[in-house]
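Colleague: I would like to go through this model feature by feature. Please give the general idea before the case at hand.

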Amino acid sequence: MAQTLPGAASNLRDPQPIRTRKKPLPFPLNIWQSAVGRKWVMAVTGVGLLGFVLAHMIGNFHVFEGPAELHEYAEALRGLGGGIIPRLWLLWVLRLGLIAMFGLHIAAAYTTKEISRKASDNAGFISGAKSYPGGSDYVAANYASRTMRWTGPIILLYLIFHLADLTWGWLPHTNYTKGDPFGNLSNSLSNIPVAAIYIVANVALALHIFHGTWSLFQSLGLNNPKYNQARRGLAAGLAGVILLGNLTFPILTQAGVIDNADNPCASETTEEGAVHCFEEILEAEGE
Amino acid sequence: MSETTINVTLEVWRQNGPADKGHFETYEARDISTDSSFLEMLDIVNEQLIKEEKVPVTFESDCREGICGTCSLMINGQAHGPNKGQATCQLHMRTFKNGDHITIEPFRAASFPVIKDLAISRAALDSIQHAGGYITVSTGSAPDANLTPVPKEAADVAMDAAACIGCGACVAACPNSAAQLFTSAKINHLNLLPQGQSERWKRVEAMVDTMEDFFGTCTNHGECHEACPKEISLDFIAFMNRDYVKAKIKNRKLAGQK
């Protein structure tokens, strides 16, 4: 029986490039043109975002000192730079840096995923991974690494919710008063569904950090056989600390430890009123 | 040691050429000696198919001792089968039990077109090699032994990288169809040695760029290392990533010296 290959006449048997090379851009920009470089950007921005998550968590522990102290911390953030830099300026520099890091991190993640999808063309590409028609077995990939492409978008959605809730005050359940972070926080997290959203999002964040922390050393090429063993431990430790720390807020609000009944300025409904009320308490404490 | 035989059911991917859609077909493999290798089992099945005047299953093999990198096959969803550090040719039927169902598929990636059934083209890996997987030396008479001193540690690590047989299991096992493990092994076995230094930065840039023409992006799952019949270390991927961004700076400097 004579066999003719249907594709023999064409070049179907030769692998075709999945991209067309573009003209190289000048130096720092050409790093972004390659996927290896984009992973490097993802790792560097990941380190920055990890720093933000840690600082945000530690700062929020002021809530356990009391409503006036939390207000004092919020005011200190706005006044960063002391008497040298005008109020809010340094905070906005940090915010713009954060927005840029989020943007680059997400853009790098999305574009590299699309490259992988193209590279897996003749298998399937389901939920962010190549899939074989006959099924395939994971040996090394763990739950955290396989769900990076889900935990990432979950964190982004949560971030928008979190900003709408406690920064912009768009959500009715918070009964938002600018200048009273303690009241806003306790009003918001005393809602069971809202507390549940915070808990789920922070579990997703911890999973994302667990793989991300290990992975960034590989992406940046920070590899030394002497210290490689410590990377898993560092990743688990960081993810664990951030998970436990961030979960104290919704859980302890539900448990009644953080309670708006302890807030002496809870009755204030305007920013001026709340700020004035807290300043008086802090002055009285200082005397 | 008494010889035992087992019967297994095979689900084999059949695809009549690159343009065909392809499908699974079921074959019974009867009285297979547990001492036979996986490829010998396929040979027996093919003999049977020929006797029945059917088209035998096309698959690739050459040395059948785990050093050439020709054999491939996804066996029950794992590249080169379930055992660690083995190519398909080194996998023996004693790994399986009587009555097992075994799914056999080709290595899959967009840049691994199926030629027929289980045979694939791995020409994309050759393209990466052509981009810089060599050193340019003047070939004259044989140099004196130990003319170029190489530290023992460097020689050891370079040899670990050079163990790569280029089978493509890393790409097949990778959920992103990335060829990082192959490319990093090929880059580093030269970049770790004195002979590879003068072309080091050109090499890493050229080979990574060619890799990205054909393959996906690494997310550090580590599946490639588990699938690799030579157990190439993930550390080489980190070395490659470090050298790539360094090369972007170094090559700029080198070009500026013209």
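Colleague: How many bridges join strand E3 of chain B to E5(B), and do they run parallel or antiparallel?

Modeller: Strands (E, at least two residues) and helices (H or I, at least four) are DSSP runs numbered from the N terminus, and two strands pair if DSSP finds at least two bridges between them. Here 2 bridges connect E3(B), residues 74-75, with E5(B), and the two run antiparallel. Ile75(B) stands opposite Ile104(B) in E5(B). The model is predicted: local features need pLDDT of at least 70 and side-chain atom pairs count only at pLDDT 80 or more, while totals for chains, interfaces and linings use all residues. Residues are numbered from 1 along each chain as its sequence is written, and chains are lettered from A and ligands numbered from 1 in the order in which they are written.

Colleague: What is the strand order in the open sheet of chain B?

Modeller: The order is E2-E1-E5-E3-E4 in chain B, with mixed pairing. Strand E2 (23-33) and strand E4 (78-79) of chain B are the edges, each pairing on one side only.

Colleague: Which domains does the assignment give for chain B?

Modeller: Domain bounds come from an automatic or database domain assignment. For chain B that gives domain 1 (5-115) and domain 2 (122-256). Their C-alpha centres lie 30 Å apart.

Colleague: How many residues does each chain bring to the contact?

Modeller: Residues are in contact if their C-beta atoms, placed from the backbone, lie within 7 Å. Chain B brings 55 residues and chain A 49. H8(B) gives the most to the side of chain B that touches chain A, with 10 residues.

Conventions: Two residues are in contact if their C-beta atoms, placed from the backbone, lie within 7 Å.
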